[in-house]
Amino acid sequence: MGKTVQCELCPNECVLENGQHSRCRARMNKGGVLYSLVYGKPCAVAVDPIEKKPFFHFLPATTAFSIATAGCVLGCKFCQNWQISQAKPEETDNYNLPPDEVVRQAMFYNCRTITYTYTEPTVFYEYMYDTARIAKKFNIKNTMHTCGYINEKPLRKLSKYMDAAAVDLKAFTEDFYSRICGGRLKPVLNSLVVLKDEGVWLEITNLVIPTLNDDMKKIKEMCQWIIKNLGPDVPLHFSRFFPHYKLKELPPTPPETIRDARNTAMEVGLKYVYSGNIRSEAENTYCHKCKSLLIERIGYFVKQNNISGGKCRFCGVNIPGRWS
Amino acid sequence: MNEKVKVEAKVKETGGKITRREFLGFFLFGGLLSLFSKKIKPVVQEKSKKAMFWRKTDEA
């Protein structure tokens, strides 16, 4: 009696009897107390270009010390990292890397940023929070790549130490989130607003999947919502889908669909719209005022950067982002 | 005296080479050792980290 607990970290809000694991697999009720099973135990550690997250308006051409633990709050059928996101902590090969060691390693590898990524960082909230606090003291930036499926209170607390967030807005229908991801859209939209409100630099990624979320009407609605609630400066990345995990029967997204989505977003009024997983000039950053080429990219590699002191080198207009 | 000479000669003759039987013995022993070492993980006293953002359901 009295040993049941309810997790209040994400909108799943799992109610757990003694000995039960949370849906994300990363938390467990032990004797009426909820514990994190992944604290200091990342299963993925790497040094990545910041452009891979993707962040195109945040310290370009720098590297990010990237970590992830097992588990995820959602169960997307197209997950690219399902081997670790849909695994229990005991099923993955984990490092022993406490928060201070993460910061030390990031400094050793000369990374300007620590990124909490690959799986959903919400599942290793305590680990991320402690690491971010230490990193801040050493002037290392904190960024996360998240699905935004987190409750408002923990997100606001975390935002004090988070410099930027790349949020996957997977679609703009509740039906997609329910059927394909096992979640809900509304909490994700709320997280986007909270992050903006807390002053965290925000970039949004939308993976366009044929037949599931490639309806241009819905994409237009999504872009209008972004402009209305987050502003036109938020960079939006349309990413090309490739058959994966439980969606192997679908074809890759046609490049024309990505092009149409980008055109739609720009027509609606978004200033910085990019394409991902596809080589084109839509990987570059152009000045929204004079249309000059500001950052030329080839994949994750920055070939040239014409932003100086946060301004366009050609017309002097401020370019939204965190540039130094 | 002759006996001792014979023994030394035999050692020199093999030149540190092992027999097929000995090789097989070492091979199997190594294999078994490898298998067991994979099964046995060092027992580390792990401190669990108490989670943030949860509540007991019987609390109002």
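How many residue pairs are in polar contact between chain A and chain B? The count is 9 residue pairs, both at pLDDT 80 or more; a polar contact here is a pair of N or O atoms within 3.5 Å, where, within protein, one must be able to donate a hydrogen and the other to accept it, and residues adjacent in sequence count only if both atoms are side-chain atoms. This is a predicted model, in which local features need pLDDT of at least 70 and side-chain atom pairs count only at pLDDT 80 or more, while totals for chains, interfaces and linings use all residues. Residues are numbered from 1 along each chain as its sequence is written, chains are lettered from A and ligands numbered from 1 in the order in which they are written, and side-chain values use heavy atoms, with hydrogens and water left out.

**Where the two chains meet**

- On the chain A side, 24 residues are in contact with 12 residues of chain B, contact meaning heavy atoms within 4.5 Å.
- The two chains bury about 1,600 Å² between them, and 60% of that is on carbon and sulfur atoms; buried area is the accessible area (1.4 Å probe) that two parts lose on being put together, summed over both.
- Within chain A, the residues losing the most area to chain B are Q6(A), E8(A) and E126(A), which together make up 25% of what that side buries.
- There are also 2 salt bridges between chain A and chain B, a salt bridge being a side-chain nitrogen of Lys or Arg within 4 Å of a carboxyl oxygen of Asp or Glu.
- K49(B) pairs up with D130(A) in a salt bridge, their closest N and O atoms being 3.5 Å apart.
- The side of chain A that touches chain B gets at least two residues from each of β1 (5-7), β3 (27-30), β4 (33-36), α3 and α4; helices (H or I, at least four residues) and strands (E, at least two) are DSSP runs, numbered from the N terminus.

**Chain B by itself**

- Chain B has 2 helices and 2 strands, and from the N terminus on they run α-α-β-β.
- Of the 60 residues in chain B, 5% are buried; buried means under 20% relative accessible area, exposed over 50%, and partly exposed in between (1.4 Å probe, protein chains only).

**Salt bridges to look up**

- Over all chains, the structure holds 17 salt bridges.
- K53(A) and D48(A) meet through their side chains at 2.8 Å, N to O, in a salt bridge; K53(A) is buried at 3% relative accessibility, and D48(A) is buried too, at 6%.
- E283(A) and R279(A) make another salt bridge, with closest N and O atoms 2.9 Å apart; here E283(A) is buried at 4%, whereas R279(A) is exposed at 57%.
- R156(A) and E152(A) form a salt bridge at 3.0 Å, and because they sit 4 residues apart in helix α4 (residues 152-159) of chain A, about one helical turn separates them.
- Both partners are partly exposed: R156(A) at 25% and E152(A) at 36%.
- Those two also belong to a network of salt bridges that links E152(A), R156(A), K160(A), D197(A) and E198(A).

**The buried face of α4(A)**

- P154(A), L155(A), L158(A) and S159(A) are buried in α4(A).
- Looking down the axis of α4(A), these buried residues fall within an arc of 135°, so they line one face of the helix; the arc is that of the directions from the helix axis to the C-beta atoms.
- Their cover includes α3 (125-137), β8 (141-146) and α6 (186-197) of chain A.

**Nonpolar cores**

- In soluble globular proteins, nonpolar side chains tend to be buried together.
- The largest nonpolar core has 82 residues, and F78(A), L169(A), I226(A) and F238(A) have the most contacts inside it; such a core is a set of buried Ala, Val, Leu, Ile, Met, Phe, Trp, Tyr and Cys residues joined through side-chain atoms within 4.5 Å.
- A second, separate core of 12 residues includes F56(A), Y272(A), C287(A) and V302(A).

**A closer look at T115(A)**

- T115(A) is in strand β7 (residues 113-116) of chain A and is buried, at 0% relative accessibility.
- Its side chain and that of T143(A) are joined by a polar contact of 2.7 Å.
- Leaving aside neighbours within four places in sequence, T115(A) is in contact with residues including I50(A), K53(A), F65(A), T143(A) and H145(A).
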